[in-house]
Amino acid sequence: MSGLPNVRAVMLMVIAVLVVTAAAGGIVVIMDGDLLSSAQEPVRGRPRATQQATPRQSAAPRLDQLVPNAEPVKDFGAGGPGVTSTPARVLAIAPGAVPKETRLKLAALKHVQKVAIVDAGAVKVSGTGLNLLAVDPSGFRSWTPQPVADQPAVWSALARGELVADTGATRRFGMILGAMYQVDGGPRLRVAATASLGLTGVDGLVSAELGRKLGFAQGVAVLLHGKEGRIGASGVRKLLGKGAQVVVLDAAARQPKRQQPAQQQPAQQPEQVSVGRPSSYLELYKAAATRCPGLSWTVLAAIGQVESGHGRNNGPSSAGALGPMQFMPATWKHYGVDGDGDGKKDIWSPYDAVPGAANYLCANKAGQGGERLRKAIWFYNHSWDYVNKVMGIAEAYAKTYT
């Protein structure tokens, strides 16, 4: 016979090793190929496994590759209620409020079919200027491209006092969908949606009510709609007077069209509208952390790893905690948020649960750092071993993603 141990002996050895490991109370977190050992389970209790464990686990995927999983947004219905897009062909900023008689003269210009007058202003976020229009959500809806007009969540976000940013502006300034931004000397604004607004020089939209609170100039922005390429900019400039800024938005339609072979004509890109949901856990943690100035996104990510493995084991736990951030229902009732603007505070949705965790930590002064941060994490789960584990994982995330 061979000198190798028999199958029964091997099985007994494996069982013995597992018993010793369990008795020591240790668990191992696999993250980006690194092993982070922990002292004990969170006091709250671990979520019950929903799938049978595989014999061998691979390293967890990177946060920027891990997509949060939630039920599709059940918003107010795809497509606006009979809204027909009549986008602006010319945009102008007058030196002062446009009087009624001037508006009537603008409407009488050749090829003009519609006129709108709205408020406008500029704000600074960390010293960066943003040019915004302040509009009535229901009245302004038809002035945007059809895909934007057809997205009810955009207009609900405006009505709630949130910011709808132009897609180009989010790219230029590195703005994150769902994040909160502090206006210099003003309120904090949440980027609730991004969309291609088709308004050159305009970085985003806010509600008329919010514009008044921000001190925007009232009645200075003029939008004109008519047949594409036909409205004369000179007539608009003459009526608005010296100092008016006039931007032709349909300049491409005014240029002579050059015939190209069909196979060389570039395909038109569809208008993009994004509402409320970052595309990866990495972006979700970063966006949620902005709800609590001073709180690092790595702390939220560490809690998400410990509590559910970033949504891969959402519970309920043995103590009744629910969702990817393992909230107790009573705590969620007080600190849960609607993070993606779908009208619900869903304890099971990462888009609500992660910003809810930031909200809870901030209420316990996590943004102050140091011992305040450690105490806030302790409030999240009453165990100093849990605090040490979260802080250790947060440090590892900082090294991995910096």
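Guide: Helices are DSSP runs of H or I with at least four residues, strands are runs of E with at least two, and the elements are numbered from the N terminus. By that rule, the chain has 15 helices and 12 strands. This is a predicted model, in which local features need pLDDT of at least 70 and side-chain atom pairs count only at pLDDT 80 or more, whereas totals for chains, interfaces and linings use all residues. Residues are numbered from 1 along each chain as its sequence is written, and side-chain values use heavy atoms, with hydrogens and water left out.

Visitor: Where do Tyr281 and Tyr285 lie, and how many residues apart are they?

Guide: Both belong to helix H10, which covers residues 281-289, and they are 4 residues apart, about one turn of the helix.

Visitor: Why is Tyr281 counted as buried?

Guide: Buried means under 20% relative accessible area, exposed means over 50%, and partly exposed lies in between, using a 1.4 Å probe and protein chains only. Tyr281 has 3% relative accessibility, and therefore counts as buried; Tyr285, at 0%, is buried as well. In the chain as a whole, buried residues make up 44% of the 402 residues.

Visitor: What makes the aromatic pair of Tyr281 and Tyr285 tilted?

Guide: Rings of Phe, Tyr and Trp (its six-membered ring) pair if their centres lie within 6.5 Å, and planes under 30 degrees apart count as stacked, over 60 as edge-to-face and the rest as tilted. The structure holds 11 aromatic pairs. Tyr281 and Tyr285 form one with 5.5 Å centre to centre and 35 degrees between the planes, and the pair is tilted. Elsewhere, ring pairs link Phe327, Trp332, Tyr335, Tyr360 and Tyr380 into a cluster.

Visitor: How do you know that the charged end of Arg172 sits over the ring of Phe173?

Guide: The rule asks that NZ of Lys or CZ of Arg be within 6 Å of the ring centre and within 35 degrees of the ring normal. The charged end of Arg172 sits over the Phe173 ring, 5.3 Å from its centre, and Lys375 lies over the face of Phe379, at 5.4 Å from the ring centre.

Visitor: Which residues lie nearest the centre of the largest cavity?

Guide: A cavity is a set of points, on a 1 Å grid over the protein atoms alone, where a 1.4 Å probe fits but cannot get out, and lining residues have an atom within 4 Å of a point. The lining of the largest cavity has 12 residues, of which Gly178, Leu284, Gly339, Tyr351 and Pro355 lie nearest its centre. Two or more lining residues come from each of H10 and helix H13 (350-363), and H10 gives the largest share, 3 residues.

Definitions and conventions
1 Å grid on protein atoms, 1.4 Å probe; cavity = no way out; pocket = protein on both sides within 12 Å on 5 of 7 lines; lining within 4 Å.
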